Amino acid sequence: MTTILPTAAQPLPAEQVYAAHPEKKVTLYFLVTGLIMLLVGLAIGPLQALNYAGIDVYRYIPILKSYYQGLSLHGVLNALVFTTYFISGLLLYLPCRELKVRPNLVVAWTGYWTMTIGVLMAAYAVLSNSSTLLYTFYPPLQGSPLFYIGAALLVVGSLIIGVQVIVIWTLWKRQHPGQVTPIVTFMSVATWMMWAIASLGLVVEVVFLLIPWSLGWTKGIDPLLARTLFWYTGHAIVYFWVLPAYISWYALLPRTAGGKIASETLARLSFVLFLLLSTPVGIHHQFADPGIPVLLKIIQMLLTFLVVIPSLLTAFSVGASLELAAQARGGGGWLGWIRHLPWKNPVFTAQVLAMVSFIPGGAGGVANASYALNTAVHNTAWIPGHFHITVGTATTLTFFGISFWLLPHITRKPLASIKMALWSSWLWFWGMIIFAVGMHWEGLIGIPRRTYLATSTGLGDMIARAQIPMALTGISGMVLMVASILYFTVIFRTLLGRRRVPESEEVPIPFSESLAHSEARSRPEVTGVSPAGMKIAGAVLVMDRLWIFFALALALVIVMYLPLLINLVLNTHLVPGVRLW
Ligand code: HAS
Ligand code: CU
């Protein structure tokens, strides 16, 4: 197996490292800026957890005017800003390296700076307490125009990168007629196409409703119209967060584990399904909203169940890849193989722990999506419980695992401490699991989300009944704080280290081979094909025509949303803005 964590290293000037691949530098900027945003966002996390344990720390933090300002910063920086930077860097770099082409660096840097200017504007607005809107910025809560313009620039920056990747792929296809897109590029392009369709709702909401309203150009705003546009993007954005993790699980992790991709066809199929089904389901966040026909709610509930299928495909397919890897390492039995996986490698461990926590995360999602069950959990602490074991692990913990090889790969600086990286991953996993147990449980008791619980008085005997889950939530905040400190210590010690390994020892990108391909190579007499002329399954060829699926996805979204949006626009009820905190 390739060793991916070198230990010996020499000093080397940075220019030499980026000379062959200047796209490394812009990628590094995306990743590190994202991680710094995460660091600030995470610092507020323990305060949130302690609040849900009934302990008020906010009053000792004079720079934060309220619990709600802290929560706004925490949600915006972690869920929106960190993810967008990390994904833009990752899904620019991987396809370019796989296709062996260089991106247009001017365009890539334009994407980076558009995002960064936007984030600085929005950060100023939130820090100055003029935009304490939480990360959903629902009107009629009103914030500063700087916040909304900043949010728009963040999205536009990511779209600049997305369009560039799609253009690179289109040109590659033209230059390589008859060839099938390599798997990581295929998945990245599908993700960017999905995001291009999905981000439209947010862009329209911000540009046509929120910015003019916050500038005083319009008298009021229609909250239902704004929420509908928001959730059109708001559901699909969760797949924008998780699909890059899936790319890693499907196409990079097998090699890290010493195995192969179990089924390339299935992997591609799941991405086609995500492209088609991620967007026309946003109304499952609006089951409680009046003014949306019940029939549409039911249809989108059913579509939500359909979009669970590609995740289930992923679970089985990635699980099979891991089993193959364990068998290649001598493992066997029903469950005995699990011990043979490379648990001492933090790149592996962080990502598999992310998957394990995503099993209850996904199951909770199915409960949320069920119209009847949703009424029991909507707007309760259950919901943050759900999203900390989805975006907080499946995405974030996977990105930790990726950063353990990607930062050493880009900088050629060895990972500072494998042990600390492992500890941070395990503590993050357990912290999130305990948090999720606490918050789901509090939610079932009826404790609302987004509540300054430590000072609330109107919740009757709920708090008395929630003492155990509240204690769990508080404890998890402390565990996660230690995990974050360990993680960032490893990352900054790595980045600030001076020694770099020579090119020959660079950590490779773990692009994995698929099982079918390696069998064709090793047993041509059985498969009847040589590796060079490997028979390509018809389904793979059909799926490679991603533009067709893009058009279908667009059509589906139009059918699911246009009549509703027309109705909402024709029946607007404008209300004035309010500032609560
Ligand atoms: Fe969700 C609310 C439904 C997935 C994030 N979700 C949220 C919110 C966030 C969020 C942030 O239907 C809150 C928004 C707000 O502030 O109001 N969600 C779902 C469903 C899924 C789902 C059906 N959510 C996600 C993902 C997220 C995310 C992914 C972020 C990345 N969610 C909802 C609904 C609401 C909601 C309602 C609104 C609730 C309300 O009332 O407000 C599905 O996509 C989940 C499918 C996933 C699975 C799991 C597959 C498991 C895998 C791992 C396999 C493990 C292996 C390991 C192989 C079926 C792939 C083997 C282990 C070894 C050791 C070898
Ligand atoms: Cu959703």
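1. Buried here means under 20% relative accessible area. Phe137, at 2% relative accessibility, therefore counts as buried. One thing to keep in mind while reading on: this is a predicted model, so treat the distances and angles below as values computed from it.

2. Staying with Phe137 for a moment, its backbone is worth a look. Phe137 isn't a glycine, yet it has a positive phi of about 30 degrees. You'll find Phe137 in the loop between H4 and H5.

3. Asn129 lies in that loop between H4 and H5 too. Asn129 is another non-glycine with a positive phi, about 65 degrees in this case. What about its accessibility? Asn129 has a relative accessible area of 18%, and since the cut-off for buried is under 20%, Asn129 is classed as buried.

4. Pro139 and Pro140 are joined by a cis peptide bond, with omega at about 10 degrees. Pro140 is placed in the loop between helix H4 (105–127) and H5.

5. On to H5 itself. At the start of H5, a side-chain oxygen of Ser144 comes to within 2.9 Å of the backbone nitrogen of Leu146.

6. Now ligand 1. Which residues come nearest? Of the 36 residues around ligand 1, those are Tyr135, Tyr239, His378, His386 and Arg449. By class, the shell around ligand 1 splits into 22 nonpolar residues, 13 polar and one charged.

7. A polar side-chain atom of Tyr135 is 2.7 Å from an oxygen atom of ligand 1. For Arg449, an N or O atom of the side chain sits 2.7 Å from an oxygen atom of ligand 1. The corresponding figure for His378, again from a side-chain N or O atom to an oxygen atom of ligand 1, is 2.5 Å.

8. Where does the shell come from in terms of helices? At least two residues each are supplied by helix H8 (223–251), helix H11 (294–328), helix H12 (346–369), helix H14 (382–388) and helix H15 (391–411). H12 gives the most to the shell around ligand 1, with 10 residues.

9. The iron atom of ligand 1 has a single protein donor, namely His386 through NE2, at 2.2 Å. His386 belongs to helix H14. How far is the iron atom of ligand 1 from the copper ion (ligand 2)? They are 4.5 Å apart.

10. The copper ion (ligand 2) has His235 (ND1), His284 (NE2) and His285 (NE2) as its protein donors, at 1.9 to 2.1 Å. Along the chain, the donors of the copper ion (ligand 2) follow the spacing H-x48-H-H. Is His284 buried or exposed? With a relative accessible area of 10%, His284 is buried. His285 counts as partly exposed because its relative accessibility is 22%.

11. Back to H12, for Ser357, which is found in that helix. Ser357 is buried, at a relative accessible area of 0%. What does its side chain reach? The side chain of Ser357 comes to 2.9 Å from the backbone oxygen of Ala354. There is also a polar contact of 2.9 Å between the side chains of Ser357 and Thr393.

12. H15 has a kink of about 35 degrees, centred on Ser403. H15 is mostly covered as well, with 21 of its 21 residues buried. Just after H15, Arg412 takes a positive phi of about 60 degrees.

13. Leu275 is found in helix H10 (residues 264–277) and, at 2% relative accessibility, counts as buried. Which residue does it pair with here? The C-alpha atoms of Leu275 and Ala190 are separated by 6.1 Å, though the two residues are 85 apart along the chain.

Definitions and conventions: Residues numbered from 1 in each chain as written. Chains lettered and ligands numbered in written order. Predicted model: local features only at pLDDT ≥ 70, side-chain atom pairs only at ≥ 80, totals over all residues. Heavy atoms only, no water. Near = heavy atom within 4 Å. Polar contact = N/O pair within 3.5 Å; in protein donor to acceptor, adjacent residues only side chain to side chain. Helix = DSSP H or I, 4+ residues; strand = E, 2+ residues; numbered from the N terminus. Nonpolar A, V, L, I, M, F, W, Y, C, P; charged D, E, K, R; others polar. Donors = N, O, S within 2.8 Å, 3.2 Å for Na, K, Ca; no water. Buried < 20%, exposed > 50% of the residue type's maximum accessible area, 1.4 Å probe, protein only. Bend = angle between axes of the 7 residues up to and from the residue.
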